[in-house]
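Let's take a walk through a protein chain together, starting with the overall picture and ending with single residues. Have your viewer ready.

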Amino acid sequence: MTEIRGLGYLRIQTQDVARWRELVVDGLGLAVGSGPEPDGLYLRLDERRSRLIVLPGESDKALAVGWEVRDQFALQRVREAVEKAGVEVEILSEADASYRDAEQVIAFDDPNGNRVEVFFGPVLDHSPLVTPHGGRFVTGDQGLGHVVLPVTRFDEAHTFYTEVLGFLPRGSIRLGGIDAPPPARRVRFMGVNQRHHSLALCPAPPVDEPGLVHLMMEAETLDSVGQALDRVAKLGFTISSTLGRHTNDKMVSFYVRAPGGWDLEFGCEGMLVDETFYTAEEITADSYWGHDWSASEPLAAFTPKS
């Protein structure tokens, strides 16, 4: 069983913080939090000071995916497992941990160069969560949501996250369909709590900067999702996928293109996994209905290196 309890935070860099603010605050309805960078955008979904951190820079890339553990003892066990796998672990200073709003943080790269940060002791903000449109989000023991990472060294990445970090396999989908000729290429989903998946890995070509396929955040109600869909469309953002219900996690969601060429999935009604009875399955369709991708632009994660 994994020591990791959930997706704690995502820190990204962008060339257009203002447009990100339009998307996630004016559109999706996240609350503005606080943080150390005066030009940064810190987003709240709950009592954490920030869950999504958007920082200005000269390129668009994912800076770090933050995973939460219970305490210092769990953090030490993760460190030992990663070092035993031959991966160098950086122990962040107290100042660097404080910058990330945590008591202690370790950092390392996964087999594809994605920066991983594991932490305990997140800093809380006890002021009322005031969202611009009155929405509320599903976090708590399910974490921030889920991330889908594009990976080139797929087998090594999958082994690292499952056998070293202890993520639990939660099924897959075969690229090209169930009748695709071998060797099969799959998107694989992995969980660490009752959320169906907190992480998925997707085969992808090498790219110039580490990025994402998408980040998913879950609202409490279908009305919140529908209203957000209306707002982001009016703000001129590209709807990568129409509203639909997924077959694996049962999420009703839509996808919107964020600055930098990634998607944000915004949904509700995600299933809760009971590990007593759950077995990993291979789905043969992405959705029961909806999720029309015909108007989607190419993702940056699938644009090969220049």
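Here is a guided reading of the structure above, from the whole chain down to details.

A word on conventions before we start. This is a predicted model, in which local features need pLDDT of at least 70 and side-chain atom pairs count only at pLDDT 80 or more, while totals for chains, interfaces and linings use all residues. Residues are numbered from 1 along each chain as its sequence is written, and side-chain values use heavy atoms, with hydrogens and water left out.

Let's begin with the whole chain. The chain holds five helices and 18 strands; these are DSSP runs numbered from the N terminus, with helices being H or I of at least four residues and strands being E of at least two. A compact globule of 306 residues would have a radius of gyration near 19 Å, and the chain agrees with its 18 Å (taken over C-alpha atoms, the rule being 2.2 Å times the number of residues to the power 0.38). Along the principal axes, the C-alpha atoms fill a box of roughly 50 × 45 × 45 Å. Of the 306 residues, 52% are buried, where buried means under 20% relative accessible area, exposed over 50% and partly exposed in between, with a 1.4 Å probe and protein chains only. The chain exposes about 13500 Å², and carbon and sulfur atoms supply 50% of that area (Shrake-Rupley method, 1.4 Å probe; for residues, only the protein chains shown count as cover). Among contacts with a separation of 6 or more, 68% are between residues 24 or more positions apart; contact means heavy atoms within 4.5 Å.

Now find strand 5 (residues 61–69), where seven of the nine residues are buried. Strand 5 pairs with strand 1 (residues 4–14) in the antiparallel sense over eight bridges, and Ile12 stands opposite Ala62 there. Pairing here requires that DSSP finds at least two bridges between two strands. Strand 5 also runs parallel to strand 8, joined by four bridges, with Glu68 bridged to Phe119 of strand 8.

Is Thr131 buried or exposed? Thr131 is buried, because its relative accessible area is 9%. Its side chain reaches the backbone oxygen of Gly135 at 2.9 Å. Apart from neighbours within four places in sequence, Thr131 touches Gly29, Ala31, Arg136 and Phe137.

Next comes an open sheet of ten strands, with mixed pairing and the order 17-10-11-12-9-13-16-15-14-18. Its edges are strand 17 (282–283) and strand 18 (287–290), each of which pairs on one side only. Inside the sheet, strand 11 (residues 186–191) and strand 12 (residues 199–203) pair in the antiparallel sense over three bridges, and Phe189 has Ala200 of strand 12 as its bridge partner.

Helix 4 (residues 154–164) lies across strands 9, 10, 11 and 12, running at about 170° to strand 12; the angle runs from 0 to 180 degrees between N-to-C directions, with axes fitted to C-alpha atoms, for helices over the stretch in contact. Buried residues in helix 4 include Phe154, Phe160 and Tyr161. Just after helix 4, Gly166 takes a positive phi of about 85°.

Finally, look at Glu80 in helix 2 (residues 72–84). Glu80 is partly exposed, because its relative accessible area is 43%. Glu80 and Val164 are 84 residues apart in sequence, with their C-alpha atoms 9.8 Å apart in space.

Conventions. Polar contact = N/O pair within 3.5 Å; in protein donor to acceptor, adjacent residues only side chain to side chain.
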